[in-house]
Amino acid sequence: MRILPSISLSALAMTALYAAPGSVGNARGGLPEPPVTDELVIYERGNMPVIVLAPHDGKRKPEGMPLRKRGIRDVSTSKLARRLCSELAYTDANGVQRRPHLVINLASRAVVDPNMSWERNVRAGWFDVGGKRVDPPARAKRIHGDFHACAAYAVKSVEASHGA
């Protein structure tokens, strides 16, 4: 058994979801590709029943996009999420490299907070450079939706490959 280095997941605002163990299947479990439409959401497919989410490490603020006033960046969560995935990866008895699924948000929390529901993001609001409240940007909704779609895709993939 490998002992992992101590990493405080609560400090990372990062979530690892574990599915019930079962029969090992292919990484996609017969599913189509995940529905990512924005380059600020990264999904790396895994083939073990672990899903690592990093919703708050983003720094990118698309030019001209209204921003939320709330939102503090959790520094280095994507780096730590990748390290956690690397530490959990292993080669099984059949010589197959196993690794967790990984979903990362690269957008600043001032753009959108995937850790909150879309409705809570809307209540928090977006503001133009003059501080006037504006309608939610379509791209923020797309990033939020992509992050959640990738997380849901990873869950379905785990369930298809390892049992629900």
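This is a short tour of a predicted model, stop by stop.

**Before you start**

Residues are numbered from 1 along each chain as its sequence is written. Because the model is predicted, local features need pLDDT of at least 70 and side-chain atom pairs count only at pLDDT 80 or more, while totals for chains, interfaces and linings use all residues; side-chain values use heavy atoms, without hydrogens and water.

**Whole chain**

Show the chain as a cartoon. It has 4 helices and 8 strands. These are DSSP runs numbered from the N terminus: helices are H or I with at least four residues, strands are E with at least two. From the N terminus, the order is α-β-β-β-α-β-β-β-α-β-β-α.

Switch to a surface. The accessible area is about 8,900 Å², and 54% of that belongs to carbon and sulfur atoms. Areas come from the Shrake-Rupley method with a 1.4 Å probe. Of the 164 residues, 42% count as buried. Buried means under 20% relative accessible area, exposed over 50%, and partly exposed in between (1.4 Å probe, protein chains only).

Now contacts, meaning heavy atoms within 4.5 Å. Among those between residues at least 6 apart in sequence, 78% join residues at least 24 apart.

**Helix H4**

Select residues 138–162, which form helix H4. The expected span is 1.5 Å times one less than the number of residues. For the 25 residues of H4 that gives 36 Å, and the end C-alpha atoms are 36 Å apart, so the two agree. Step on to Gly-163, which follows H4 and has a positive phi, near 95°.

**Two aromatic pairs**

The structure holds 2 aromatic pairs. Rings of Phe, Tyr and Trp (its six-membered ring) pair if their centres lie within 6.5 Å; planes under 30 degrees apart are stacked, over 60 edge-to-face, the rest tilted.

Select Tyr-43 and Tyr-153. Their ring centres are 5.4 Å apart and their planes stand at 85°, so the pair is edge-to-face. Tyr-43 sits in strand E2 (residues 41–44) and Tyr-153 in helix H4, so the pair ties together parts 110 residues apart in sequence. Both tyrosines, Tyr-43 and Tyr-153, are buried.

Next, Trp-118 and Trp-126. This pair is tilted, at 5.4 Å centre to centre and 35° between planes. Trp-118 is buried at 14% relative accessible area; Trp-126 is buried at 0%.

**Arg-99**

Finish in the loop between strand E5 (97–98) and strand E6 (101–105), where Arg-99 lies. Arg-99 is partly exposed, at 37% relative accessibility. What does Arg-99 contact, leaving aside neighbours within four places in sequence? Pick Glu-44, Arg-45, Gly-46, Asn-47, Met-48 and Ala-89. The C-alpha atoms of Arg-99 and Asn-47 are 5.7 Å apart, across 52 residues of chain.
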